[in-house]
Amino acid sequence: MTLAALDLPHEVHSLLTALGVAEDRFTGGTLVVRSPIDGREIGRLPEDDVDAAKAAIARAQAAFLVWRSVPAPKRGELVRLFGEELRAAKPMLGRLVSIEVGKIVSEGLGEVQEMIDVCDFAVGLSRQLYGLTIATERPDHRMMETWHPLGVVGIISAFNFPVAVWAWNSALALVCGNATVWKPSEKTPLTALATRAIFDKAVARYVADGGTAPAGLAPLLIGGRELGEVLVDHPKVPLVSATGSTAMGRKVGPKLAGRFARAILELGGNNAAIVTPSADLDLTLRGVAFAAMGTAGQRCTTLRRLFVHASVYDALVPRLKKAYGSVRVGNPLETGTLVGPLIDGGAHAAMQKALDEARAAGGTVTGGERVAIDGAAEAFYVRPALVEMPAQTATVERETFAPILWVIKYDDFDAVLELHNAVPQGLSSSIFTNDLREMETFLSVRGSDCGIANVNIGPSGAEIGGAFGGEKETGGGRESGSDAWKAYMRRATNTINYGRSLPLAQGVVFEV
Ligand code: UN1
């Protein structure tokens with residue numbers, strides 16, 4: 001179907017209604033949402049104000065006081081039902097993600113799959129919230145640790161993964177015994193409404209089965225930045241998980257630290273790959289193409305810097321340029337499209353600014369121009385840009401949230417490792433090599449300084465089973481798999497004396 005023949009406002013209306021969202025939640029309000037696919041308005045949402053945000057936190061706090069005493073595996077049952085509801089809703093929610101964010105169909109569905117995967121993970125986790133038993137120095141004593149929930153967890157999410165990142169946080173937070181309050185991006189509140197309706201269905205089934213799920217367990221706040229600020233400043237919110245720009249993190253981090261609250265920050269990335277002389281170039285080409293052009297360069301894990309060894313530069317870079325020139329840009333709902341639109345005009349302006357700076361610094365730009373799509377004059381489609389750079393300039397060191405791949409030639413492995421780490425961000429990284437020494441060095445303490453370091457796959461598209469997050473200006477937070485759950489709980493160390501005397505630690509004597 002051509003773009004001009006699509007009726008996205010109508011389709012969004014039907015999808016939201018079918019998913020169980022009441023019409024008055026997305027019509028007649030003040031928050032205007034446009035699809036990046038054609039720039040047309042697809043929703044007008046009533047907004048919450050600061051008082052409503054405070055009331056939501058109070059409700060969540062009351063819900064927490066009940067939820068914390070529900071046994072963890074029973075809390076897992078709610079998340080299991082949510083996973084089931086997501087499976088049933090996957091085609092519709094995936095489609096809505098594609099319409100609201102502009103992702104290609106497969107990536108919209110992939111985002112929902114990521115939610116389902118993390119639900120499955122959290123269900124297993126609900127029986128594995130282990131503490132240690134520790135040897136004590138005193139006779140007839142036992143020392144152990146117990147993990148308790150924190151309270152109300154604030155979740156601030158970004159437009160580019162509008163629902164999966166919320167799911168990483170809330171599936172874990174809920175099995176850990178917390179309540180959550182969610183402030184999604186103003187650019188993507190419709191998928192949030194839909195997700196909320198799907199969650200409500202799981203809650204209704206859970207309660208019908210005799211489960212305890214207090215009202216107010218997971219409120220959703222629709223509106224602007226001031227609502228996120230309420231979460232960040234509120235004394236009853238002991239943890240805020242925030243995904244977005246480093247600029248946002250710079251504001252949020254110190255405020256949370258100022259009141260001794262915890263932060264999980266997922267901020268900017270400037271992810272690189274190193275292509276070494278022994279790399280399998282066919283595999284590298286595919287890995288680079290997906291990581292750099294996928295999601296129109298709008299993942300925090302998008303590949304942005306490519307270091308290519310001089311000996312393979314001419315074998316790889318011209319082929320890559322060809323791929324950049326031929327990749328299909330356009331309506332992301334159409335089969336065959338690999339690159340959809342940028343989220344808005346602001347993203348387009350930032351991309352053009354970075355390309356202009358690169359040209360001025362001696363870069364050679366392939367692509368990057370705006371692509372006109374019939375019926376979408378108000379949308380921002382671009383051909384992904386591959387830019388051959390003479391050096392890692394200030395522009396390259398900055399994250400520009402658009403499909404720009406900076407390509408830099410290298411000769412010396414140690415020098416390229418230094419260059420790789422010489423940016424302020426530290427999210428994800430890759431090496432393409434078949435050389436054991438290079439691979440192990442890249443993964444070692446002398447190698448990548450990022451939270452994610454991959455071999456022979458690109459830096460994006462992580463599975464949920466691993467801990468996700470990065471170092472330096474990326475913020476240091478870890479979400480999703482491995483033991484990331486510990487950030488959503490507090491640890492109590494317990495020492496138990498089951499004897500009849502009172503030996504003191506460190507041999508201290510205190511006789512009264
Ligand atoms: C993000 O861009 O904010 O690893 C998250 C990935 C996805 C998540 C990206 N699983 O690319």
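The model is predicted; local features need pLDDT of at least 70, side-chain atom pairs count only at pLDDT 80 or more, and totals for chains, interfaces and linings use all residues. Numbering runs from 1 along each chain as its sequence is written.

**The sheet**

Now show β3 and β4 (residues 141-149). They pair in the antiparallel sense over 2 bridges. Two strands pair if DSSP finds at least two bridges between them. Strands are DSSP runs (E, at least two residues), and helices are DSSP runs too (H or I, at least four); both are numbered from the N terminus.

The 3 strands form an open, antiparallel sheet in the order β3-β4-β22. β3 (133-134) and β22 (489-497) stand at the edges with a single partner strand each, so one side of each has no neighbour in the sheet.

**The helix**

Go to helix α4 (residues 105-125) and pick Asp-117. Asp-117 is buried, because 21 other C-beta atoms lie within 10 Å. The scale: buried is 20 or more other C-beta atoms within 10 Å of the residue's own, exposed is 12 or fewer, partly exposed is in between, with C-beta atoms placed from the backbone.

Next, select Glu-463. Asp-117 and Glu-463 are 346 residues apart in sequence, yet 8.7 Å apart in space, C-alpha to C-alpha.

**The ligand**

Finish at the ligand. Residues around it include Glu-114, Asn-160, Phe-161, Arg-299 and Ser-460. A residue counts as near if its C-beta atom, placed from the backbone, lies within 6 Å. Colour by domain: domain 1 (9-267 + 475-492) and domain 2 (271-468) each give the shell at least three residues. Those bounds come from an automatic or database domain assignment.
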